[in-house]
Amino acid sequence: MTMKDYQLFDRNTRAFVYGFQTNAIQRMLDFDYLCRRSVPSVAAIINPNRAGVHKLFWGTEEILLPMYRTIPEAVAAHPSVDVMVNFASFRSAFETSMEALASPGIKTVAIIAEGVPERMARVMAATAQKMKKTIIGPATVGGLTAGAFRIGNTAGTIENIIESKLHRPGCVGFVSKSGGMLNEAFNIIARNSSGAVEGIAIGGDRYPGSDLLDHILRFETNPDVAIIASLGEVGGTDEYRIVEALKEGKITKPLVIWVTGTCSKVLPGSVQFGHAGAKAQTDLETADAKNRALKEAGAIVPDSFDGYGDEIRRVYESLLAEGKLREVEEPEIPTIPMDYAKAVSEGIVRKSTNLICTISDDRGEEVLYGGKPLSRVLDDGMGIGGVIGLLWFKKEIPPWAAEFIELVLQIVADHGPAVSAAHNAIVASCAGKDLITSLASGLLTIGPRFGGAIDDAAREFKRARDSGLSPEEFVREMKTAGINIPGIGHRIKSVKNPDKRVELLIGYARENFERTDLLDYALAVQEITTAKKGNLILNVDGCIGVLFIDLMSSCEVFDEREIDDVIKYGYLNGLFALGRSIGIIGHILDQKRLDSRLYRHPQDDIAFMLPEFK
Amino acid sequence: MAQRGIREFDAKRILAEMLPGYIDDFDYNGEIALVTADTDLEVVAVDNPWVKKKKLVVKPDQLFGKRGAHGLILLDASWDEAKKYIQENMGCEVLVGSVVGTLDTFLIEPFVPHGPEEEHYVAIKSEREKDVIYFSLRGGIDIEANWDSVTEIPVSVLARPEEIDLGSKLPAGLADRLAPTAAFIRGLYRLYRDLGFSYLEINPFVFAEGKIVPLDLVARLDDAEAFWQRKTWQGLEFPEPFGRALTEEEAWIKEIDSRTGASLKLTILNPRGRVWTMVAGGGASVIYADTICDLGFSGELANYGEYSGDPSTQDTYEYTKTILDLMTREKDPGGRNKFLLIGGGIANFTDVAKTFKGVVMGLEDYRDRLRDTGVEIYVRRGGPHYEEGLRIMRQLGERLGVPIHVYGPETHMTRIVSMALGGGE
């Protein structure tokens, strides 16, 4: 079925939407569904940033709409599409609309953007006229053909569309400049007649692509339209074209029209109304003069906007009485499911969550760390230690504790290229792997044998002390079990050659911690072990482990269960992994800068000892 | 976004700077200086050495014409005379047409001696389908009386500028000046098209020592072109129209407007008026003001304004307070009630309940003053969550002890105007 000249849209019209306006596209599809269209009115989306598909609701089901980067691609794939709803910004509205006009299949372009320069608007309008095509806009919400097709966001919410009976045709053709007033006009028309057949907002600019008369003349020839209604506006002279058409007898249907802006005579000359075109530059352009001229030419002009609906009702009822109109049979309206987000915001539905987060929240204006806004974290100078307190322990720890954590991070940051993590990372980097992969490869070595001693030491020393073992009993117990005491022993360092790092940590703890019970216990253990062998000293891992327990005991904010959790969940391994990441990344970047080649372990460094093949 | 007038100073500066790019031998030098109340005249003399060497013209540059007719032009003056004239006139109130305003900006340029018969007229105007170039040999202040001497040359909006036939259309009386005049107008027209002009009138321009010099010039630009004309407009600012100094409250709303993405507008028409409006939406706000006037209450209309584009609760709160403060400053001398019309059409997607929250906060703040002043409030609105918004308003009425009449989309948009002012439903 082909459309008549007086129709821009029917129930089969298919459109491109230029611009990734997901809400507007969904609203168009919801309207289609409400009207029981068989296919969605949007054939494809043109999105200069991305091609592919976009998923939308069609009633309760989900469907996919194709998405193209350019107008020619979309046109080639969908040759029967004849409308483009152009959501391009004012900067690109001209180029994209001209491109659409140049595509033979596209007959109607709706331009939503506000702020399109007048010269561009005039060139578009003249081009469209030359090609016998229609532009709606710029600076408009668009328009709507009842029961058939909706441009973008026209007529607002689904509730409003049903309320204004736009899901099925009525008998009034309406055109205005203002898009904002289109909604109100639909309401007025629905309350005073059987409703609208079509409503178009041509846009508030000085040079709209199509003007009031263009649409009025379409309504005149459209047999479904019995009453024409229009709202003009102060400024410009377009309404005089309607006056001429009335005088020439080109408009025979009743035309109810009102030109707004009659108040401009009492306003200071410089006040610019909301619309760019709404400013009278001559007396002829005033609303009063236009209303007068229209009335004289035979249009139905109320005395004020207040009588606008009454005039429509009067005309409607007289046409009904004359038998020229029949009342509309109301179709059944399918239900459009409410969007989940909307239902939630209205408190209609609830749903249990699958995940819980208790440490941070990025939903507001600013991310929260443990409930504290990031800007406050920075203002208070909480440092890395303080942030770890918030995100790991969910506590504001005292500055001396934060500083201790930072001390630990600095101490564990690196231990040369030969240790497991750095070595693995270097090998991975030499194999051409990226930074993150190489880092992960290094971190994966952290565990019971490498780096894990901090956790183990904290656990074992705490267990021993809490169960009342004397240092001697503890050493004996471990020896009997055949286990090396974690955190005791160093490859090089000894009593005579103490580890500077350990001395530093102990010094800091003695000065700042309220309690160093577990350290004292560990040092008592060291006294026994070093008596056996000089290098069985409390090493840096052991020192960090026990001091962390002392730190928590010194802070009032931790209870006993939380201290046990810290050990149980491997917080201290986390501290090692975090600090050591600094060194690992350093090694990887080092290799990248050196442009190191693939590492292959020398064969002479491997003892090949295979079983004999039989 | 609309057509906006610019200062003669800026227009001439653009011409001097940009027109040579369109015409081979155009050498108007753009000797021109702008003086405001803050300008140090001695600095002007240093920056523009010609002011001390040439005879000068001084005139206000504040978007109003017919300066000669208003006696607001100083001709053939020395630098000392020009300074004296500026010092005497700066800050003076003058009546131009029906508008009283303060003189605060003057331009100074060299005086070009010429006979009245040498004054030519050129103007370019835009219409929907074409631009029209106007030319007359008989320019000057009597151009309107001499309009039959004006040649009109229409140029289709789709025409290419090089296709325009000027030579054969300009009057033969130009004689040996025909070719340079045609070249000048062609260049001027191309500049007009390229640089976002929507109106340009040079009346008059003269030939001085064989060179074309624009003497008096009026121009409007399409401010929507600002994005494309960042370089060519050279940072010009659009001045406020003559005679409209903003009141403190208007300035405050303008400031809020500039800070948010929403739109908030306020123009005070008559602070003693009894009818105040607070209407959502540009289209609807005009119609409310219209209806008040159409029902014969234009003398009582206190303000024009609108809020739209989803303003925040804080914005609508401030807006409400500003209006309530103005309307409750004094009682009506006749002891009659005042009316506040909180109107609007059916919103597309704006949450009515949410925007009314700020309005309610403002009304609560002014509870006592509203009662003392005898304010009656009428509300009409539709759109998302309007039922909730209207309910909040009804409840507020009971709480405030101020009559609040509340209506939704079932009531014609402007019916509250006649209900309030006409005294019946």
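This is a predicted model: local features need pLDDT of at least 70, side-chain atom pairs count only at pLDDT 80 or more; totals for chains, interfaces and linings use all residues.
Residues are numbered from 1 along each chain as its sequence is written, and chains are lettered from A and ligands numbered from 1 in the order in which they are written.

**Entry: chain A as a whole**

I read off 23 helices and 16 strands for chain A; helices (H or I, at least four residues) and strands (E, at least two) are DSSP runs, numbered from the N terminus. The radius of gyration of chain A is 39 Å, whereas a compact globule of 614 residues would have one near 25 Å; this radius is taken over C-alpha atoms, and the globule rule is 2.2 Å times the number of residues to the power 0.38. Along the principal axes, the C-alpha atoms of chain A fill a box of roughly 120 × 65 × 50 Å. I also looked up the contacts in chain A between residues at least 6 apart in sequence, and 72% of them join residues at least 24 apart, a contact being two residues whose C-beta atoms, placed from the backbone, lie within 7 Å.

The domain assignment divides chain A into domain 1 (15-321), domain 2 (360-397) and domain 3 (420-594), with bounds that come from an automatic or database domain assignment. The C-alpha centres of domain 1 and domain 2 of chain A are 51 Å apart.

**Entry: strand S10 of chain A**

I then turned to strand S10 (residues 172-176) of chain A, where 5 of the 5 residues are buried, so this strand is largely enclosed by the rest of the structure. A:Val172, A:Phe174 and A:Ser176 point one way from S10(A), while A:Gly173 and A:Val175 point the other way. In a regular strand the side chains alternate between the two faces of the sheet. S10(A) pairs in the parallel sense with strand S11 (residues 196-201) of chain A over 5 bridges, pairing being assigned if DSSP finds at least two bridges between two strands. Within this pair, I found A:Val172 opposite A:Ala196 in S11(A).

**Entry: backbone details**

Most residues other than glycine have a negative phi, and most peptide bonds are trans, and I looked for exceptions. In chain A, the peptide bond from A:Gly137 to A:Pro138 is cis, with omega near 5°, and A:Pro138 sits in the loop between strand S7 (134-136) and strand S8 (143-145). A:Ala139 is in the loop between S7 and S8 of chain A and has a positive phi near 60°; with 28 C-beta neighbours inside 10 Å, A:Ala139 counts as buried.

In chain B, a cis peptide bond with omega of about 5° joins B:Asn203 and B:Pro204, and B:Pro204 is in strand S11 (residues 197-208) of chain B. B:His385, which is not a glycine, has a positive phi of about 60° and lies in the loop between strand S18 (375-380) and helix H11 (386-400) of chain B. With 20 C-beta neighbours inside 10 Å, B:His385 also counts as buried.

I counted 12 helices and 19 strands in chain B, and buried residues make up 43% of its 425 residues. Its domain assignment gives domain 1 (3-29 + 115-227), domain 2 (33-110) and domain 3 (248-422), and 47 Å separate the C-alpha centres of domain 1 and domain 3 of chain B.

How many residues does each chain bring to the contact? Chain B brings 49 residues and chain A brings 44. On the side of chain B that touches chain A, helix H7 (282-294) gives the most, with 10 residues.

Lastly I looked at H12(B), in which B:Ile416, B:Val417 and B:Ala420 are buried. These residues cover an arc of only 105° around the axis, which puts them on the same side of H12(B); the arc is that of the directions from the helix axis to the C-beta atoms. The cover over the buried residues of H12(B) includes H7, strand S17 (338-344), S18 and strand S19 (404-407) of chain B.

Conventions. A residue is buried if 20 or more other C-beta atoms lie within 10 Å of its own, exposed if 12 or fewer, and partly exposed in between; C-beta atoms are placed from the backbone.
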